[in-house]
Amino acid sequence: MSLIDLANPTRFLALTARVLPWLAAATVILLTIGLYQSALAPDDYQQGATVKIMFIHVPNAWLSMFVWGVMSIASLGTLVWRHPLADVAAKAAAPIGASFTFLALLTGSLWGRPMWGTYWEWDARLTSVLILFLMYLGLMALWRAVDDPSRAARAAAVLTLVGAINLPIIKFSVDWWNTLHQPASVMRMGGSSLDKSFLIPLLLMAIAFTLLFVTLHLAAMRNEILRRRVRSLQMMQASRVAFSSAGSREGSASNEVGAA
Amino acid sequence: MMSLGPYASFIVTSYAAAALVVVILIGWIVLDYRNQTRRLRELDRSGVTRRSGRSAMDAP
């Protein structure tokens with residue numbers, strides 16, 4: 001099945017029906033292994049057991065940016081290629097991305113209190129991620145505010161692409177500004193600075209959360225396709241009712257003319 | 001028993017919050033799916049079909 005075939009929502013629904021159970025099972029298995037490995041990871045020599053928050057915080061932080069990246073590609077699909085599923089993908093990803101961003105902020109805050117002595121600091125990394133969260137909420141509000149999905153899609157696509165400017169700002173904020181947040185320790189020049197005992201559970205959790213996103217995203221896309229199908233059928237039903245009532249009015253009017 | 005030290009409450013709250021948010025997300029998606037399929041079934045029963053003539057509930 002090629003990408004062009006997937007442009008057909010009906011084929012996409014058939015594919016998700018086949019793939020979703022396998023993806024869900026793989027997510028559960030990887031998440032179980034990842035959590036087990038996280039529990040077994042040793043305490044950090046400085047942070048103690050609070051390092052375990054990293055295994056939940058970092059995957060959510062990665063996904064907060066990854067999901068916006070997926071939405072940006074989908075937005076290009078809407079504006080440039082007019083792919084029928086592009087805006088479905090973008091709309092379905094927004095609440096999931098917002099949830100991951102919320103978790104990144106919350107777990108970061110819970111990690112920051114014992115390590116930095118504060119839940120929150122208005123530094124570049126934390127503030128730029130908060131802006132990302134607010135942009136997710138804004139995008140969700142925009143989708144709800146405009147009734148016609150195709151009109152909402154174009155406005156949301158432009159907003160998403162403008163918001164993508166925030167992604168490199170988040171990534172490099174720790175290098176460009178003096179922040180409380182530590183610099184990159186996994187994806188950096190010269191390789192990861194993390195010990196294997198932390199890196200392996202972290203990567204496992206990151207893959208598990210990415211699979212979780214793919215599973216939830218496909219399921220949410222399926223729901224969005226069904227929602228649009230319901231909407232078009234309801235509009236069809238409403239136009240039939242309007243047409244038949246107009247027809248019966250015309251019929252009774254001609255009867256009255258005839259009687260006169 | 002795993003020892004989480006003096007900051008156990010922060011660690012447990014982080015994992016519990018993540019679990020709660022993921023469960024809410026899954027629940028919302030499952031309920032939304034049930035809601036949409038129920039509405040499609042109702043439309044199907046009332047005789048409203050897609051232009052292709054297929055039932056609204058049809059896969060390919």
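A:Ser244 is placed in helix 7 (residues 196-259) of chain A, where helices (H or I, at least four residues) and strands (E, at least two) are DSSP runs numbered from the N terminus. The model is a predicted one, in which local features need pLDDT of at least 70, side-chain atom pairs count only at pLDDT 80 or more, and totals for chains, interfaces and linings use all residues. Residues are numbered from 1 along each chain as its sequence is written, while chains are lettered from A and ligands numbered from 1 in the order in which they are written.

**Individual residues**

- A:Ser244 is exposed because 10 other C-beta atoms lie within 10 Å; a residue is buried if 20 or more other C-beta atoms, placed from the backbone, lie within 10 Å of its own, exposed if 12 or fewer, and partly exposed in between.
- Between A:Ser244 and A:Ser75, which are 169 residues apart along the chain, the C-alpha atoms are separated by 40 Å.
- A:Ala24 belongs to helix 1 (residues 9-40) of chain A and is partly exposed, with 17 other C-beta atoms within 10 Å.
- Although A:Ala24 and A:Leu211 are 187 residues apart in sequence, they are 8.1 Å apart in space, C-alpha to C-alpha.
- A:Arg82 occupies the loop between helix 2 and helix 3 of chain A, and with 12 other C-beta atoms within 10 Å it is exposed.
- Most residues other than glycine have a negative phi. The phi of A:Arg82, however, is positive, near 50°.

**Chain A as a whole**

- Chain A contains seven helices and zero strands, giving the pattern α-α-α-α-α-α-α along the sequence.
- The radius of gyration of chain A is 24 Å, well over the 18 Å that the globule rule gives for 260 residues, so chain A is more spread out than a compact globule. This radius is taken over C-alpha atoms, and the globule rule is 2.2 Å times the number of residues to the power 0.38.
- The C-alpha trace of chain A spans about 100 × 40 × 30 Å along its principal axes.
- Of its 260 residues, 35% count as buried.

**Helix packing in chain A**

- Helix 2 (residues 54-81) and helix 3 (residues 86-116) of chain A pack at an angle of about 160°, their axes being 7 Å apart. Helix 2 of chain A is therefore roughly antiparallel to helix 3 of chain A.
- Axes are lines fitted to C-alpha atoms, for helices over the stretch in contact, with angles running from 0 to 180 degrees between N-to-C directions. Angles under 35 degrees count as roughly parallel, over 145 as roughly antiparallel, 65 to 115 as roughly perpendicular and the rest as oblique.
- The axes of helix 2 and helix 5 (residues 149-163) of chain A cross at roughly 135° and come within 9 Å; these two helices are therefore oblique to each other.

**Chain B and its contact with chain A**

- Chain B has one helix and zero strands, and 13% of its 60 residues count as buried.
- The contact between the chains takes 34 residues from chain A and 26 residues from chain B, two residues being in contact if their C-beta atoms, placed from the backbone, lie within 7 Å.
- On the side of chain B that touches chain A there are 19 nonpolar, five polar and two charged residues. Ala, Val, Leu, Ile, Met, Phe, Trp, Tyr, Cys and Pro count as nonpolar, Asp, Glu, Lys and Arg as charged, and the others, Gly among them, as polar.
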